[in-house]
Amino acid sequence: MTLGRLAARFLPRRWLFQVSDALAAIGYRCFSGFRTRSKTNITAVFGETMSALAIEEMARQSLRNILRSCAEVAIALEASDSELRGLVPLVGTEHLDAALAKGSGVLVLSAHLGNFFLVGSRLAIEGYPVSVLINPPRDSRLAKLLERYRLQIRLKAIQSRPRREALRTLQNSLRQNNITVVISDEFRRARGVEAAFFGRTVIARRGPATVALRTGAAIVPACMVRQRDGSLKLVIEPELELDRSGKGSAQIRENVARITRWVEEIVRAHPDQWNWMNIRSWAMHDVSPTEVHDPLRQAM
């Protein structure tokens, strides 16, 4: 990241993006795991309508987007609030303001799409009381380094471990009518809830739905989407309507399904900007929904 900051400080931005694109091209050849899993997942979703060449190109673009996002974080570290505001226009704040007006806090639901790193930062420079729920690295030195960088891009973090403390911190923040950004679009063979995704079945995380129901918080979807010219725009959507009519596992499954449908919609709209590594495995038909008692276990 230090090298990235130096590059952002002294290189024209178009050169910085040319470097990140070149690294993405090299990485695509070298990272066989990324290449194989991404192509496998894209094929599972679009294989009947896309050629092998188009699937390959989408996987390449996915990695290119990730590397460009890292370059943009380096740029953000060197930018003033006014510069970052100019670089990333924001639309849909009325939806966020309407949700905050209810007084129970807001979970901003996002995905590993576009530049998800800067969603919280862009909201923070508008004066919103925002934090992001993060899964900290095991290495304490790396965790401290990342925390320092997060603060430099105006980002406060709620760490998901220890889980009991994290849940208490998150609930207290929402009770103060604050905003927490939650990125919840990783599907793996783990404890969670079965949900439909592109006509197949994944194990989805139930954390956002559980926390929203427990605290009364609104869920407002938002993504920082890359435009045709490579620039970014943070798009805030209307509050996601949840089923709050009852209690129990059926209600959780219904709300997880609604969240997963939103993820599918945003991925379908921008498939080359999503990290296709997020599907660790598709659920088998003999896997039944597993209810867990720790809502933060599936939140990150």
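Modeller: Let's start with the rings: searching the whole structure turns up nine aromatic pairs. Keep in mind that this is a predicted model, where local features need pLDDT of at least 70, side-chain atom pairs count only at pLDDT 80 or more, and totals for chains, interfaces and linings use all residues. Residues are numbered from 1 along each chain as its sequence is written, and side-chain values use heavy atoms, with hydrogens and water left out.

Biologist: How do I read an aromatic pair, say F46 and F198?

Modeller: A ring pair is described by the distance of the centres and the angle of the planes. Rings of Phe, Tyr and Trp (its six-membered ring) pair if their centres lie within 6.5 Å; planes under 30 degrees apart are stacked, over 60 edge-to-face, and the rest tilted. F46 and F198 have centres 5.8 Å apart and planes at 70°, so they are edge-to-face. F46 sits in helix α3 (residues 32-46) and F198 in the loop between β6 (193-197) and β7 (200-204), 152 residues apart. Helices (H or I, at least four residues) and strands (E, at least two) are DSSP runs, numbered from the N terminus.

Biologist: Which kind of pair do F198 and W276 form?

Modeller: A tilted one, 6.5 Å centre to centre with 45° between the planes. F198 and W276 are both buried, where buried means under 20% relative accessible area, exposed over 50%, and partly exposed in between (1.4 Å probe, protein chains only). One aromatic cluster takes in F46, F187, F197, F198, W274, W276 and W282.

Biologist: Where does the charged end of R200 sit?

Modeller: Over the ring of W282, 4.7 Å from its centre. The test asks for NZ of Lys or CZ of Arg within 6 Å of the ring centre and within 35 degrees of the ring normal.

Biologist: Back to α3: which of its residues are buried?

Modeller: F34, S38, N41, I42, V45 and F46. Down the axis of α3, these buried residues fall within an arc of 110°, so they line one face of the helix; the arc is that of the directions from the helix axis to the C-beta atoms.
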